[in-house]
2 protein chains.
Amino acid sequence: MKLPDKVMKEGKAKVIYEKEDGNLLMKFKDDLTALDGLKHDQMPSKGKYNSVMTAHLLKLVADAGIPTHLVSLLEPGLMEVKKVEIIPVEAVLRNVATGSMVRRLPLEAGSRLPSPVIEFYLKDDALHDPWINDDHVRILGLATAEELKRIRELTLKVNDVLLDYFASKGLVLADFKLEFGRLGGDLVLADEITPDTMRIFDAKEFEKGRLVEYDKQIFRDGGSPEDIKAAYDEAFRRIVGEEPPF
Amino acid sequence: MKLPDKVMKEGKAKVIYEKEDGNLLMKFKDDLTALDGLKHDQMPSKGKYNSVMTAHLLKLVADAGIPTHLVSLLEPGLMEVKKVEIIPVEAVLRNVATGSMVRRLPLEAGSRLPSPVIEFYLKDDALHDPWINDDHVRILGLATAEELKRIRELTLKVNDVLLDYFASKGLVLADFKLEFGRLGGDLVLADEITPDTMRIFDAKEFEKGRLVEYDKQIFRDGGSPEDIKAAYDEAFRRIVGEEPPF
């Protein structure tokens, strides 16, 4: 499909175009970035993988009654979405202690948390997405108390849906990051749900105490292009239920 | 006064002894530490300054109906307090954007916040007192939801009392850190309130846009021993209302 000439916004993982009817086109890039952009590489067809997985998972949560920005996947790599006013607060939900949480707090890597933990981060590249709490959200005017409550509610609901779905695919959903946007008086789930924005472990290995994961962590940890490709292949297989055709 | 032989606990700023009747003795040290203990020095009589200021301010908030651990100041440098079960959560309240808040968030140094911001930190030297939110407090079992609500309530109440008091002394209370302990089914304000645990600016200079402060920040910023002494002298004069006699 021919893309509009004018780019509306370009981020690390996607380029956004505005359609004439007001909807947006999200072109998923093949770039892999990590460590706050210090680490950068490409994975052939990554944009196709991630767009297909995002559309698949957004449909899944939409079917469960969670409003999302998805209109349709136009073709692998290109998704049409509603134009929403993005709230610059990233909501991270954790079911398992990993990553920064384990480095910061007295928790063992790979331990299941007694109940989900939600953390908020300010979407601000220049400030490296700092952690924020409800008070910071308020004084920075990022969202109303009601919106923050709704973000928590929707994030927990998304977790309920994905946790079950991933479990049925032999995966443990350790954590994920969501973004929300304002649309017609309510909030809708926006952005992507991909191995770039979540950590997923093989369930069988996890039960044996081994963390085998199929997500961008492989890249952060310095995995080879083949290792990264294998991880995204397996994530695609489990999530979408078919062999990646790209 | 003769101190018990056995030290119950020694921190960076105080040594704690247990009395025979079950109360505790807090011996305030003359040590100055900053940058997570990397920076270390001494200020003669600092323990005396800080104990007198703490007792003065704890009495002030106690008179306003906030329960505290204070029994009495036995002599400059030595305070008798009730034995409480310390909750390992530091509550930081900010009225003015300074320090780490300004480095982390899009806020100007010295700008008044539209309303107070409370941040929580885990009291854990080995982990460098990491930030935590309500969910972390819950899953780490640090405090109940009710206790956290009470900590917020008491912290805001302390702020109301101190903000007015400091204003009457020509000072702007920019931020401070509190600790709380369990005692007889309620929480009480514990620890110290000193230029080590708060940032206070001269109000007249502040209104002119200049940040002149009388607290440990002078030490963090590499001030000379004379500059540090002058800052604590001025804090003492304003808070206690008399010339430091040490």
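Colleague: Which residues does A:Asp196 touch, not counting residues up to four places away in sequence?

Modeller: This is a predicted model, where local features need pLDDT of at least 70, side-chain atom pairs count only at pLDDT 80 or more, and totals for chains, interfaces and linings use all residues. Residues are numbered from 1 along each chain as its sequence is written, chains are lettered from A and ligands numbered from 1 in the order in which they are written, and side-chain values use heavy atoms, leaving out hydrogens and water. Contact means heavy atoms within 4.5 Å. By that rule, the residues touching A:Asp196 are A:Lys46, A:Asn50, A:Lys216, A:Arg220 and A:Tyr232.

Colleague: Why does A:Asp196 count as buried?

Modeller: Buried means under 20% relative accessible area, exposed over 50%, and partly exposed in between (1.4 Å probe, protein chains only). A:Asp196 counts as buried because its relative accessibility is 12%.

Colleague: Which side chain is joined to that of A:Asp196 by a polar contact of 3.3 Å?

Modeller: A polar contact is a pair of N or O atoms within 3.5 Å; within protein, one must be able to donate a hydrogen and the other to accept it, and residues adjacent in sequence count only if both atoms are side-chain atoms. At 3.3 Å, the partner of A:Asp196 is A:Asn50.

Colleague: Let's turn to the two chains. How much area do chain A and chain B bury between them?

Modeller: Buried area is the accessible area (1.4 Å probe) that two parts lose on being put together, summed over both. The contact takes 25 residues from chain A and 25 residues from chain B. Of the area, 63% is on carbon and sulfur atoms, and the total is about 2,200 Å².

Colleague: Which residues of chain A lose the most area to chain B?

Modeller: Three residues together make up 31% of what the chain A side buries. They are A:Arg104, A:Trp131 and A:Ile139.

Colleague: How many salt bridges are there between chain A and chain B?

Modeller: A salt bridge is a side-chain nitrogen of Lys or Arg within 4 Å of a carboxyl oxygen of Asp or Glu. The interface has 12 residue pairs in polar contact (both at pLDDT 80 or more). For salt bridges, however, the count is zero.
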